[in-house]
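Here is a friendly briefing to read with the model open beside you. Have the sequence at hand as well, and follow the topics in turn.

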Amino acid sequence: MNILFPEIENTIRSFDFKSITNERKNALLPLIFYIQDRVNTLQEIRLVFICTHNSRRSHLAQVWAQTAAAHFDIKNVISYSGGTEATALYPMVVKTLEKSGFKIEAISEGKNPVYSIKFASNEHPIIGFSKSFDASFNPDSKFVAIMTCSQADGDCPFIAGAEKRIPITYEDPKAFDNTPLQLEKYQERSLQIATEMFYVFSLIKK
């Protein structure tokens, strides 16, 4: 088990798997089976989280899935994210992840900044920026496409190179942008995604 930053460990202690409904657990099952199959056959596990703009939910899922894999010491997991179009990683997502204990720094500025997102001192950082799902930064074969928003799921009936496609959709916290509830709702969505990703990896047998 890798040693995560203490603030992240504190966040993890707040996760309650009992809060995950049976309907959500059923939606997560195909991902559990996919990861377990790759673990059993000693293959790399490439997870590509996809939503429309690659600005909010897909990044949260990418970061929490990678962190969960490290926490449960599941090897050969590489999490990616992408959109049906590129925009920018939304700043409130950065703030929300920092509130949960991640250490984040911008390594390039501009309309689509690139961020280094660290969950542990001795682990490679997650590189966060907005990109299309078929960008060269992402794998082009032997990966599972996880659709984190219903719009992308509907707009992309075919993901080239994906071995499997799994819809695990989340409500968009964007609905609360520029409202007094913004930070609270982003945190709520982040913790839902985190709890579900940790639930998935908690069930993987090494």
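Leu 42 counts as exposed because its relative accessibility is 76%; here exposed means over 50% relative accessible area, buried under 20% and partly exposed in between, with a 1.4 Å probe and protein chains only. This is a predicted model, in which local features need pLDDT of at least 70, side-chain atom pairs count only at pLDDT 80 or more, and totals for chains, interfaces and linings use all residues. Residues are numbered from 1 along each chain as its sequence is written, and side-chain values use heavy atoms, with hydrogens and water left out.

**Positive phi values**

- Leu 42 sits in the loop between helix H2 (22-40) and strand S1 (45-51); helices (H or I, at least four residues) and strands (E, at least two) are DSSP runs, numbered from the N terminus.
- The phi of Leu 42 is near 55°, a positive value in a residue other than glycine.
- Lys 142 is not a glycine either, yet has a positive phi of about 55°.
- You will find Lys 142 in the loop between S5 and strand S6 (143-147), where Lys 142 is exposed with a relative accessible area of 52%.

**The parallel pair and its helix**

- S1 and S2 pair in the parallel sense over seven bridges; strands pair if DSSP finds at least two bridges between them.
- Within this pairing, Cys 51 stands opposite Gly 83 in S2.
- Strand S2 (residues 77-83) is mostly covered, with six of its seven residues buried.
- A right-handed β-α-β unit is made by S1, H3 and S2; right-handed means that, with the strands pointing away from the viewer, the path from the first strand over the helix to the second runs clockwise.
- Helix H3 contains Gln 62, which counts as buried because its relative accessibility is 4%.
- Leaving aside neighbours within four places in sequence, Gln 62 is in contact (heavy atoms within 4.5 Å) with Phe 49, Ser 79, Tyr 80, Ser 81, Ile 126 and Ile 127.

**The open three-stranded sheet**

- Three strands form an open sheet in the order S3-S4-S5, with antiparallel pairing.
- Strand S3 (103-108) and strand S5 (126-128) are the edge strands, each pairing on one side only.
- On average, neighbouring strands of this sheet are turned by 30° against each other, direction ignored; the axes are lines fitted to C-alpha atoms, and angles run from 0 to 180 degrees between N-to-C directions.
- Strand S4 (residues 114-118) pairs with S5 in the antiparallel sense over three bridges, and Ser 116 stands opposite Ile 127 in S5.

- Beyond its neighbours within four places in sequence, Leu 31 is in contact with residues including Leu 47, Val 144, Ile 146 and Met 197.
- The buried residues of H4 are Met 92, Val 93, Val 94, Thr 96 and Leu 97, and what covers them includes H3, S3, S4 and H6.
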